[in-house]
Amino acid sequence: MKIAFHTLGCKVNQYETEAMAEEFRAAGHTVVSEEDKADVYVVNTCTVTNLASRKSRQFIRRQKAQAPECIVVVTGCYAQTDPEKVAAIEGVNIICGTNERNGLVERVENYAGNYLKKEPEHESADGAAHEPAPVEKHILPYEALDEYVSSGIITGASERTRAYIKIQEGCNRFCSYCIIPYARGPVRSRDMTEIIEEAEELIRGGYREIVLTGINTALYGTETGGDFPLKSLLERINAIEGDFRIRLSSLEPTVVNAEQVKLLLRIEKLCHHLHLSIQSGSDRILKAMNRSYSREDYLDIVRVLKEADPDYGISTDIIAGFPGETEDDFAESLDIIEKAGFCRVHAFNYSVRPGTRAEKMEGHIASEIRKERTERLSRAGDAAAEKFCRALTGKTRRVLTEELTSDGKCITGYTDNYVKVFLPAGGLDTNTFYDVELTGITDGGMSGEVK
């Protein structure tokens, strides 16, 4: 059969889509573009915001309209948290929760054998139409999400230079605005030996950047105790032979502190970039969010990183319009963007998630105010990114080249501190490290010259 995928949401979802695609290929099926007509469409959903849930529903409907006789499989966080809503969408055939993806190939093959192309005209021997194909649901309750389900070793990725490795599942922080712990369950960590085997395989396959990802990456190994297990894992990967670099998709200041971050700075191959979600610059709002740190704790981490490298790249997420957020609270979020010197800011309009504590809080803010504050955060973030790049002008950073621009004139790549760089294409190869002098700010990043 021809299998197409559409992935919404985070890097973990992207990794899990790669794992499902490899499973289908290994069984002899063909993975095609989502724009192609396929026999099976797998929609890997997200539910981190209302917009993400809406997009998930839109893509489910679009795929069925594109190929009415196809099988539509819905998996991911939205499938886990709202299976009944998903089942009510016309055309959905199979729903798999976040811990139930293994064995999907067999489920799809069985479903196809029973129902594919037999509707709606297929009739029984007595001339009566068959009942519509049922919606299969494979959803474990929260309390049964108690083990890490391995999808085996992944040997490739959709990107040519960068490969993601999922190292853990679940979160036990329960931030008051967040539905994800209910979608992913408690913390479960992947076996370190399997992670190392996958990293070795990907590096042998030519990938030059290994990105460790998870639902809450910093929680790796913490469910069984130990002294900062993530550091031990990074040291093991760092010791693998080869010219490559390691990047962490994110770290949570709810988990790590300044002293632990100092230990990470000793990892030679670890990129000088961390995504550290601040979510608010106001201590009062951080407490209401159930974030277990203060703005000063956060700035302590920033100081450690900037002392090691003044151009250390720090990106972040900030929510605008959390319930009860005053103009003074919001001003502290704007202020911390300036103080932290972020290289990138992702500003989010607060989204009510049913089932979270924030849903029941007083002081919900009007949508027009939330939207206006989100826009102000975005502008402040853009200004911070420009200032960060301006400070890099004339300096040299190592760049991993990735791809040609559409006009073929430039090769783009990223510095270790997460700045996109445009280089003249002549004589340069992709998937190659170059020492690059950063010459100026350009639309979408910086220009550079190979030294």
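1. In this predicted model, strand 7 (residues 162-169) and strand 9 (residues 209-214) run parallel to one another and are joined over six bridges. Within that pairing, Ile165 has Leu212 of strand 9 as its bridge partner. Two helices accompany these strands: helix 8 (residues 229-238) packs on the sheet, where it touches strand 7, strand 9 and strand 10, and its direction makes about 155 degrees with that of strand 10. Helix 7 (residues 192-204), for its part, lies across strand 7 and strand 9 and runs at about 175 degrees to strand 7.

2. The sheet to which these strands belong is an open one of four strands, in the order 8-7-9-10, and its pairing is mixed. Strand 8 (188-189) and strand 10 (245-248) each have a single partner strand and stand at the edges, so one side of each is left without a neighbour in the sheet.

3. A nonpolar core deserves attention next. The largest one has 52 residues, and those that touch the most other members are Leu212, Leu234, Ile237, Leu248, Leu251 and Tyr298. Helix 11 (residues 295-308) supplies the largest share of this core, namely six residues. Leaving aside residues up to four places away in sequence, Leu234 touches Leu212, Ile246, Leu248, Leu264, Ile267 and Leu270. Apart from this core lies another, of 20 residues, which includes Phe59, Ala67, Tyr78 and Ala79.

4. As for the aromatic residues, the structure holds nine aromatic pairs. In one of them, the ring centres of Tyr293 and Tyr298 are 6.4 Å apart and the planes stand at 35 degrees, so this pair is classed as tilted. Both partners, Tyr293 and Tyr298, are buried. Elsewhere, Tyr142, Phe174 and Tyr182 come together in one aromatic cluster.

5. A second open sheet, of three strands, has the order 11-12-13 with parallel pairing. Strand 11 (273-275) and strand 13 (344-349) are at its edges with a single partner strand each, so one side of each is left without a neighbour in the sheet. On average, and with direction ignored, neighbouring strands of this sheet are turned by 15 degrees against each other. Strand 12 (residues 313-320) pairs with strand 13 in the parallel sense over six bridges, and the bridge partner of Ser315 in strand 13 is Arg344. Helix 13 (residues 367-392) packs on this sheet, touching strand 12 and strand 13, and its direction makes about 175 degrees with that of strand 13.

6. Strand 14 (residues 396-404) has antiparallel pairings to consider. With strand 17 (residues 433-442) it runs antiparallel, joined by five bridges, and here Val399 stands opposite Tyr434 of strand 17. Five bridges also join strand 14 to strand 15 (residues 410-415), again in the antiparallel sense, with Glu403 standing opposite Thr412 of strand 15. Strand 14 and strand 15 form a hairpin with five residues between the strands, in which Gly408 takes a positive phi near 75 degrees.

7. One further contact involves a charged side chain and a ring: Arg398 lies over the face of Phe433, at 3.9 Å from the ring centre.

Methods
Residues are numbered from 1 along each chain as its sequence is written. This is a predicted model: local features need pLDDT of at least 70, side-chain atom pairs count only at pLDDT 80 or more; totals for chains, interfaces and linings use all residues. Side-chain values use heavy atoms; hydrogens and water are left out. Rings of Phe, Tyr and Trp (its six-membered ring) pair if their centres lie within 6.5 Å; planes under 30 degrees apart count as stacked, over 60 as edge-to-face and the rest as tilted. Buried means under 20% relative accessible area, exposed over 50%, partly exposed in between (1.4 Å probe, protein chains only). A charge sits over a ring if NZ of Lys or CZ of Arg is within 6 Å of the ring centre and within 35 degrees of the ring normal. Two strands pair if DSSP finds at least two bridges between them. Contact means heavy atoms within 4.5 Å. Axes are lines fitted to C-alpha atoms, for helices over the stretch in contact, and angles run from 0 to 180 degrees between N-to-C directions. A nonpolar core is a set of buried Ala, Val, Leu, Ile, Met, Phe, Trp, Tyr and Cys residues joined through side-chain atoms within 4.5 Å.
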